[in-house]
Amino acid sequence: SISRGLHMLAEEGRIGLPMALCPTCCRTGAGRLRVIFIRNPVARLQSFFNGYWFPRNGHTLPPYAHATPFETWVELILGPGAGNSTLFEASDLDHVAPALRAELPAAGEGSPHVIFSIEDVDASLRRVERALCRRPFHHCTPLPAFPSPAKDAKRAPPEPPARVADLIRSFYRHDLAALAAAAAEDANE
């Protein structure tokens with residue numbers, strides 16, 4: 001607001017602009033490249049389940065005679081009644097939510113974006129560098145080093161049984177489509 005700008009001038013000797021006038025406004029993302037970090041959904045679910053949820057809450061799972069605890073958990077947390085379940089907190093549901101809730105526009109349509117695959121940091125960095133070098137950014141300098149993932153992060157997780165794999169593919173369909181489009185873009189470069 002203008003009053004905040006005047007306050008900053010009087011108190012701190014700086015001129016504060018209203019957010020709407022910020023040249024690289026964070027609120028709208030104007031002048032920014034949108035980088036969307038996406039992880040393989042199976043790896044993401046297994047990591048959250050094994051590293052956090054099961055050690056703390058595994059005792060609350062219903063009997064799982066027909067499946068492993070992980071398979072039962074996936075069916076419950078990605079199923080239609082997960083939001084009404086007493087098994088899961090809102091933070092659990094946030095943690096497993098897809099990165100994308102809708103299909104992204106094709107490259108070149110609308111706001112610029114890049115998919116950053118956690119499982120393939122090198123290709124993702126090249127993708128970000130290519131996008132930054134194109135219009136409207138024209139920033140053609142190498143990016144700083146990015147931390148490498150753990151050695152086993154590149155290893156593909158084991159494929160779950162068909163019913164669980166189908167549920168994961170359906171729930172994360174937009175994330176998977178974006179990862180496939182990024183891989184296709186890399187193949188064409």
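Two residues are in contact here when heavy atoms lie within 4.5 Å. With that in hand, let us walk through the model, which is predicted: local features need pLDDT of at least 70, side-chain atom pairs count only at pLDDT 80 or more, and totals for chains, interfaces and linings use all residues. Residues are numbered from 1 along each chain as its sequence is written, and side-chain values use heavy atoms, with hydrogens and water left out.

Setting aside neighbours within four places in sequence, Leu78 is in contact with Leu45, Val96, Leu167, Ile168, Phe171 and Tyr172.

Now step back to the whole chain. It holds seven helices and two strands, in the order α-β-α-α-α-β-α-α-α; these are DSSP runs, helices being H or I of at least four residues and strands E of at least two, numbered from the N terminus. Of its 189 residues, 32% count as buried. Among contacts between residues at least 6 apart in sequence, 65% join residues at least 24 apart.

How do H3 and H6 meet? The axes of H3 (residues 69-77) and H6 (residues 162-171) come within 10 Å and cross at roughly 40 degrees. These axes are lines fitted to C-alpha atoms over the stretch in contact, with angles running from 0 to 180 degrees between N-to-C directions. On the H3 side the contact is made by Glu71, Val74 and Glu75, and on the H6 side by Arg163, Val164, Leu167 and Ile168.

Finally, look at the loop between H5 (121-133) and H6, where Pro136 is found. A cis peptide bond joins Arg135 and Pro136, with omega about 5 degrees. His138 lies in the loop between H5 and H6 as well, and has a positive phi of about 50 degrees although it is not a glycine. Is His138 buried or exposed? His138 counts as exposed because its relative accessibility is 53%.

Terms used
Buried means under 20% relative accessible area, exposed over 50%, partly exposed in between (1.4 Å probe, protein chains only).
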